[in-house]
Amino acid sequence: MTGDHDPVLERRARIRRLVSIGQRVGYGAMALAVLVFAIGAAFGFPGWTVVVTVAALAVSIAVLPLPIVFSYGIRAAEREDRARPKTGE
């Protein structure tokens, strides 16, 4: 390993980017579901509001679990790296 090239850190950064995208998509879908539900509640639940709310919730439920778990894993790995004394420097 030479210089700043660390394959573990590069892989972790790549996973962090994917986690960030997944969280944005999942939480965005959740926010859309809440917003459209509120609109539906205000206007007597037209059919499109029900479809959009259910679809957005389904996307959120399908997408969010993995990014949440991976984000905890990345944070734990970084915490462990900080706690471990550096060797070879």
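**Nonpolar patch and salt bridges**

Helix 1 (residues 7–42) gives the most to the nonpolar patch, with 3 residues. The model is predicted.

Me: Which residues make the nonpolar surface patch of about 540 Å²?
Reply: Leucine 32 is found in helix 1, the element that gives the most to the patch. The patch is made by Leu32, Leu35, Ile39, Phe43 and Trp48.

Me: Is leucine 32 buried or partly exposed?
Reply: Buried means under 20% relative accessible area, and exposed means over 50%. Leucine 32 has 41% relative accessibility, so leucine 32 counts as partly exposed.

Me: Which residue meets aspartate 81 in a salt bridge?
Reply: Aspartate 81 lies in helix 3 (residues 65–83), and its partner lies in helix 1, 69 residues apart. The N to O distance is 2.6 Å, and the partner is arginine 12.

Me: Of aspartate 81 and arginine 12, which counts as buried?
Reply: Aspartate 81 has a relative accessible area of 30% and is partly exposed. At 12% relative accessibility, the buried residue is arginine 12.

Me: How many residues apart are arginine 16 and glutamate 78?
Reply: These two form a salt bridge, with the closest N and O atoms 1.9 Å apart. Arginine 16 is in helix 1 and glutamate 78 in helix 3, so the pair links distant parts of the chain; the separation is 62 residues.

Me: What is the distance between the closest N and O atoms of arginine 84 and glutamate 80?
Reply: Arginine 84 is partly exposed at 46% relative accessible area, and glutamate 80 is partly exposed at 47%. The two form a salt bridge, and the distance is 2.5 Å.

Conventions: Residues are numbered from 1 along each chain as its sequence is written. This is a predicted model: local features need pLDDT of at least 70, side-chain atom pairs count only at pLDDT 80 or more; totals for chains, interfaces and linings use all residues. Side-chain values use heavy atoms; hydrogens and water are left out. Patches are made of residues with over 30% relative accessible area and no salt bridge: like charges are joined within 9 Å, nonpolar side chains (Val, Leu, Ile, Met, Phe, Trp, Tyr) within 5 Å. Accessible areas come from the Shrake-Rupley method with a 1.4 Å probe; for residues, only the protein chains shown count as cover. A salt bridge is a side-chain nitrogen of Lys or Arg within 4 Å of a carboxyl oxygen of Asp or Glu. Helices (H or I, at least four residues) and strands (E, at least two) are DSSP runs, numbered from the N terminus. Buried means under 20% relative accessible area, exposed over 50%, partly exposed in between (1.4 Å probe, protein chains only).
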